[in-house]
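Keep the sequence and the model open as you read.

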Amino acid sequence: MTPLLAATSEAAINWHTVMFYVIALCACGFAVIVALTNNIVRMAFALIVSLAATSGLLFLAGAYFVGAMQLMIYVGGTVVLLIFGVMLTAQKAFITMRTQAGDWILGLLVGGTLLAVLVQLVFLIPEWQSSNYQSTADAQLVAYAEELKSQRARGEEITAEQRRRLELMAVKASEGMPQRTGEIGLALIGVRADKIESEQTGLAGYLLPFEIVSVHLLVVLVGAAFLARAKRHHHGGDVS
Amino acid sequence: MGEFFAGWFPAGWEFLGYTVAALIQAFLLVNVIALGAFVFIWAERKVSARIQDRLGPTRTGGAFGWLQSLADGIKLLSKEDLMPKDADPILFKLAPYVAFAASFSAFMALPFASGWVALHLNIGLFFLIAVLGLEVFGVILAGYSSGSKWSLFGAMRQAAQVVSYEVPLGICVIVPLMICGTMDLVAIGDQQRGLFTNWLIFHDPFIFVVFWVYFTCAVASVNRAPFDLAEAESELVAGFLTEYSGMRWSLFFMAEYGSMILVSALAAILFFGGWNGPIPIFSALMDWFPNYLGNCWWFSTTANLFGLLCLLMKASIGVIAMMWVRWTFPRLRVDQVITMCLKYCVPIAAVCLLGVMFWTALGVPFFNDLLPAQDRALVREGWFKSGEKQADALLKSLSPSPDEEGEVE
């Protein structure tokens with residue numbers, strides 16, 4: 001993966017960018033299909049493809065663990081549950097759904113607000129606008145190695161600490177992103193091992209995304225319980 | 001491989017080299033499934049015939065009928081592609097490809113020898129398990145979109161079975177992961193170098209039990225008999241496959257055989273030393289002639305080819321064992337399938353997980369040495385090791401070391 005990124009930064013076609021656009025188009029296109037189609041089963045299928053493409057984006061970004069997590073939780077778990085629910089509950093009348101005008105307005109409002117926030121966020125962080133993360137890391141690595149070389153030429157030995165730093169920079173240039181599961185585990189509780197070298201400490205780690213995932217699962221469970229409960233209204237006397 | 005091909009192209013066009021490398025890797029991976037299915041479909045007939053005291057195919061292609069799969073393939077290609085009137089046309093046509101793609105993409109992260117892997121992920125094991133769970137999706141799609149009650153029943157049964165067997169399968173897979181301390185499949189395989197006593201199955205008594213649970217769950221999760229009630233011919237007239245014919249039908253079976261190879265190869269890597277042979281011939285040779293063989297590319301390639309052969313052989317043994325099980329045991333009822341999973345596999349796997357944990361934590365002596373602790377740490381720290389290598393190469397290329405200069409003078 002490394003040499004691919006390093007080579008393509010100056011190549012005729014930036015292959016990484018091409019793949020990004022293909023997969024992003026896939027994710028967005030199927031998301032639009034989810035919104036537009038009326039058949040509920042096709043909707044679920046398009047949702048799965050969209051989520052799988054999102055995990056492809058994560059893989060492209062080098063976040064393998066999160067990508068595989070996305071596959072396992074969303075595509076493998078939640079959506080299969082969703083399909084089960086659809087298949088067990090959807091009768092003829094519910095298979096094709098009609099969206100009311102009020103739902104359209106509400107949906108556009110929520111979606112538009114989210115889009116505005118996200119677009120603002122994208123342009124907030126300058127590094128996200130440039131695709132030369134890899135070449136910067138490579139340049140830093142080469143510059144540091146040159147520095148060590150000149151130091152050696154002056155007759156000074158390279159210390160173990162400097163060598164360790166060079167190794168870390170080489171790893172950073174080769175892997176691009178933090179991938180080791182140990183580091184991700186540390187990052188989950190707030191220790192960002194990948195940020196130590198760049199002196200950007202104090203970052204919060206990945207606890208928030210994980211919380212969101214768990215809340216999402218909780219919502220799914222509550223929804224399932226609600227759906228199962230709604231049918232028993234006739235049995236109880238005082239239950240509305 | 002990418003670097004090798006990139007050298008063939010002028011500056012600025014190296015991406016063509018990487019594309020060529022990717023295409024070659026994809027071609028090889030497709031052929032693992034296609035040729036694997038070709039061989040194993042024939043082998044299944046022969047194995048079942050021997051078990052039932054018959055001969056099996058004998059005519060097509062000489063004495064052993066070894067061209068039978070090709071004849072089957074031609075027959076399936078020439079069949080009419082049918083679709084029921086009530087079917088959902090788009091999903092019905094898509095479902096076989098979804099099932100096949102799920103099976104195929106898992107092969108991306110499967111190492112075939114030390115370092116011979118299309119996509120070297122340091123979470124390879126997790127990725128494999130995650131992708132293996134996606135196959136159920138193609139089955140559900142196929143069952144639902146067929147518009148037939150047999151298909152729907154079959155799909156529901158199959159989905160219930162696969163989803164519930166994922167639980168013990170996941171627990172079983174955690175045990176080797178816990179011993180090796182990494183999810184990187186290449187590192188897990190490399191840690192079992194040396195004599196066959198280093199294979200993880202001989203690590204302690206608990207993991208020996210775990211392997212059998214893993215094998216049971218693997219058979220169930222690839223939907224083979226005795227857990228094949230989802231496509232039971234006598235009760236469900238082939239379940240979710242009822243409405244499929246011709247090429248689409250065979251795509252499902254390609255996916256099934258692909259998954260069989262996958263779980264067997266995974267078992268070989270996790271429990272049976274992966275690409276390491278029972279006796280470490282090549283590393284012994286390397287130890288005896290370190291100066292001569294240390295930098296020989298052909299020696300390491302030969303060693304890796306031998307490893308590939310070892311892994312394929314172990315995987316084949318696993319697949320043959322699955323066939324043997326299929327033609328020996330009676331099919332389980334649906335309640336027996338779930339009982340097997342929840343009442344036996346999950347508790348046994350969980351107890352073994354605890355057992356291995358205490359075995360490791362209390363420092364009970366292993367029956368094997370796996371690797372000396374220092375080497376194991378090196379393999380585990382492969383991430384830093386790669387950085388070390390690159391730093392070495394970089395320093396060397398930037399400043400020739402004094403003794404090399406001396407040689408030049």
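## Ground rules

This is a predicted model, where local features need pLDDT of at least 70, side-chain atom pairs count only at pLDDT 80 or more, and totals for chains, interfaces and linings use all residues. Residues are numbered from 1 along each chain as its sequence is written, chains are lettered from A and ligands numbered from 1 in written order, and side-chain values use heavy atoms, without hydrogens and water.

## Chain B overall

Chain B has 18 helices and zero strands (DSSP runs: H or I, at least four residues, for helices; E, at least two, for strands). Of its 409 residues, 49% count as buried (under 20% relative accessible area, 1.4 Å probe, protein chains only).

## A packing inside chain B

Helix α5 (residues 124-132) of chain B packs with helix α11 (residues 246-271) of chain B at about 155 degrees, their axes 12 Å apart. Axes are lines fitted to C-alpha atoms over the stretch in contact, and angles run from 0 to 180 degrees between N-to-C directions. Therefore α5(B) is roughly antiparallel to α11(B) (an angle over 145 degrees).

L125(B), L128(B), I129(B) and L132(B) of α5(B) contact L262(B), V263(B), L266(B) and L270(B) of α11(B) (heavy atoms within 4.5 Å).

## A packing between chains

Helix α3 (residues 40-60) of chain A packs with helix α4 (residues 89-106) of chain B. The angle is about 35 degrees, and the axes are 11 Å apart. V41(A), R42(A) and F45(A) in α3(A) meet P89(B), I90(B), L91(B), L94(B) and V98(B) in α4(B).

Terms used:
Angles under 35 degrees count as roughly parallel, over 145 as roughly antiparallel, 65 to 115 as roughly perpendicular and the rest as oblique. Buried means under 20% relative accessible area, exposed over 50%, partly exposed in between (1.4 Å probe, protein chains only).
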